[in-house]
Amino acid sequence: MDEETLMLETETAMEEAVERLTADCAGVRTGKASPSLVDNMDVYVAAYGSSMKLKGLAVVSTPDARSILIQPFDPGTLNDIKKAIADSKLGITPVIDARSVRLPIPELTGERRKELCKYVDGIKEDARVRVRAARKAGMDGIKKLKADNVLTEDGVRLAEDKVQKLTDKYTKKIDELVEAKQKEIMTV
């Protein structure tokens, strides 16, 4: 392995941590309807004798700011979809509405908003741990390159600076994403 490959692997690992944080944040309810609430929860529906993702069984849309509409491709799966959503961690009671399932999004209370902000802080910390793990792997890789006489002392210092700059860049991205999400949650 050379220095360039090591830097690329380190940055890729940090980017994946930010992408995972983004996906996790998208699944957090903010009081307004969004298809990502259902998509990111990975709701599995017991239909056709197997367990399938909701995305594969229905179209998810938001007809207004306070509801999510789930229109199954096969109306025979309506009750299966309703049951899967009721059993999920969404905390929303689904309502069968003709040939679709409607999820009314209730207004968030101040207490619930604070709980969601704490939850987002927790997933922020998970993302930071992933970035730090990528940093450690990068630094360990630099030490190995030095031991294999691929890098000089000056090369080691430069490589360590690059890894630290990547760490700072992705930590800042994480902080900005979480700050924006918390602001969105607290907006009434």
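**Entry 1, the cores.** I took a nonpolar core to be a set of buried Ala, Val, Leu, Ile, Met, Phe, Trp, Tyr and Cys residues joined through side-chain atoms within 4.5 Å, where buried means under 20% relative accessible area, exposed over 50%, and partly exposed in between, with a 1.4 Å probe and protein chains only. I noted that this is a predicted model, in which local features need pLDDT of at least 70 and side-chain atom pairs count only at pLDDT 80 or more, while totals for chains, interfaces and linings use all residues. Residues are numbered from 1 along each chain as its sequence is written, and side-chain values use heavy atoms, with hydrogens and water left out.

The largest nonpolar core holds 21 residues, and those that touch the most other members are V38, L54, I68, I70, I81, I85 and L103. Two or more residues each come from α2 (36-39), β1 (44-47), β3 (58-64), β4 (67-72), α3 (78-87) and β6 (100-104), with α3 giving the most, 4 residues. Helices here are DSSP runs of H or I with at least four residues and strands are runs of E with at least two, numbered from the N terminus. Apart from this core lies another, of 19 residues, including M14, C25, V28 and I174.

I then looked up I68, counting a contact as heavy atoms within 4.5 Å. Leaving out residues up to four places away in sequence, I68 touches, among others, L37, V38, V60, V101, L103 and I105.

I counted 5 helices and 6 strands in the chain, and read along the sequence they follow the pattern α-α-β-β-β-β-α-β-β-α-α. The radius of gyration is 22 Å, well over the 16 Å that the globule rule gives for 188 residues, so the chain is more spread out than a compact globule; the radius is taken over C-alpha atoms, and the rule is 2.2 Å times the number of residues to the power 0.38. Along the principal axes, the C-alpha atoms fill a box of roughly 70 × 40 × 20 Å. Among contacts with a separation of 6 or more, 64% join residues 24 or more positions apart.

Of the 188 residues, 36% count as buried. The chain has 32 positive and 33 negative side chains, and the centres of the two sets lie 5 Å apart; Lys and Arg count as positive and Asp and Glu as negative, without His or the chain ends, and each charge is placed at NZ of Lys, CZ of Arg, CG of Asp or CD of Glu.

Is K181 buried or exposed? I found that K181, in helix α5 (residues 153-186), counts as buried because its relative accessibility is 8%. Beyond residues up to four places away in sequence, K181 touches C25, A26, V28, T30 and V120.

A98 lies in the loop between β5 (95-97) and β6, and at 69% relative accessibility A98 counts as exposed. A98 has a positive phi of about 60 degrees although it is not a glycine, and its C-alpha atom is separated by 9.9 Å from that of Q71, 27 residues apart along the chain.

N149, in the loop between α4 (110-147) and α5, also is not a glycine and has a positive phi of about 60 degrees. I noted N149 as exposed, with a relative accessible area of 69%.
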